[in-house]
Amino acid sequence: MSQRQRADIEWKDGAVPVATRFDDPYFSIADGLAETRHVFLTGNDLPARFTPGFRIAELGIGTGLNLLAALIAWRAAGVAGPLRYTGFEAFPMDWGDMDRALRAFPEAHAVAGPLVHAWRAGATRFQSDDLDAEFIFGDARETLPRWAGRAEAWFLDGFAPAKNPELWSPELMAQVAAHTVPGGTAATYTAAGFVRRGLAEAGFEVERRPGFGRKRHMTVARLSA
Ligand SMILES: C[S@@+](CC[C@H](N)C(=O)[O-])C[C@H]1O[C@@H](n2cnc3c(N)ncnc32)[C@H](O)[C@@H]1O
């Protein structure tokens, strides 16, 4: 992984990783796991929509917390076969930072070991009985257009749109739509107008829902079936 640009991390309150390049935390300082579940799982109507072979795609793998929350939900739902996950990441975290970040969420950290181990080895694919994950490294503006897959549900989890606008551009939202199955969905914690407009222009039906904690709104988007 040496040729990849790494994430530079500072720690807030000793536990919350903040990306120095973007001056933004990877997850909610209040309760990252509960926010993940509210925004990305409930926002995509999961676990109710889980079916065998279900594929989640994510812009911004970060610490892997969203992936682990999805995996915990998948296991609890008892769906046959592996959850399929494709994550896009331009600045992969060092495995030690990932492990340290996940320690704040014992439930997620308890199931993270094999994944962190694969990450440490620089893997781009991780396969087990209940997870088939691929990690696509590089700028998503270049890698997503080249991706041959399509997802049932998207986790749009760039840093704040004002700080990381390239991960929320109308062009990228069009690529998200092009890589979503009919009836598929996308969810994000932000309700920024330009993100909502980009999703609508890309063909999604866009809905504003109550956000997590002190955030008033979040966004969910659905392609027509
Ligand atoms: C808020 S963090 C994601 C948190 C993550 N979902 C988690 O569960 O920890 C945003 C992520 O987007 C990544 N990112 C920023 N710009 C990117 C780009 N142009 N292409 C791909 N990934 C990018 C960052 O490196 C960071 O890991």
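**Helices 3 and 4.** I began with helix 3 (residues 95-102) and helix 4 (residues 106-120), whose axes come within 10 Å and cross at roughly 175°. Axes here are lines fitted to C-alpha atoms, for helices over the stretch in contact, and angles run from 0 to 180 degrees between N-to-C directions. Helix 3 is therefore roughly antiparallel to helix 4 (angles under 35 degrees count as roughly parallel, over 145 as roughly antiparallel, 65 to 115 as roughly perpendicular, the rest as oblique). Helix 3 brings Trp95, Met98, Asp99 and Leu102 to the contact; helix 4 brings Ala108, His109, Ala112, Val116, Trp119 and Arg120. Contact requires C-beta atoms, placed from the backbone, within 7 Å. I sorted the contact by class: seven nonpolar, one polar and two charged residues. Ala, Val, Leu, Ile, Met, Phe, Trp, Tyr, Cys and Pro count as nonpolar, Asp, Glu, Lys and Arg as charged, and the others, Gly among them, as polar.

**Ground rules.** The model is predicted: local features need pLDDT of at least 70, side-chain atom pairs count only at pLDDT 80 or more, and totals for chains, interfaces and linings use all residues. Residues are numbered from 1 along each chain as its sequence is written. Helices (H or I, at least four residues) and strands (E, at least two) are DSSP runs, numbered from the N terminus.

**Helices 2 and 4.** Next I checked helix 2 against helix 4: the angle is about 90°, the axes 10 Å apart. The two are therefore roughly perpendicular. Leu65, Leu68, Ala69, Leu71 and Ile72 in helix 2 meet Glu107, Ala108, Val111 and Ala112 in helix 4. By class I get eight nonpolar, no polar and one charged.

**Ligand shell.** I found 24 residues around the ligand, the closest being Gly60, Gly62, Thr63, Ala90 and Ala140 (near means a C-beta atom, placed from the backbone, within 6 Å). Helix 2 (65-77), strand 5 (83-89) and helix 5 (140-146) each give at least two shell residues. The shell splits into eleven nonpolar, seven polar and six charged.

I traced an open, mixed sheet of eight strands, ordered 6-7-5-4-8-9-11-10. Two strands pair if DSSP finds at least two bridges between them. Strand 6 (125-127) and strand 10 (205-210) are the edges; each has a single partner, so one side of each lacks a neighbour in the sheet. Neighbouring strands are turned by 15° on average, direction ignored. Strand 8 (residues 151-156) and strand 9 (residues 180-188) run parallel, joined by four bridges. Alanine 153 sits opposite threonine 185 in strand 9.

How values were computed
Two residues are in contact if their C-beta atoms, placed from the backbone, lie within 7 Å.
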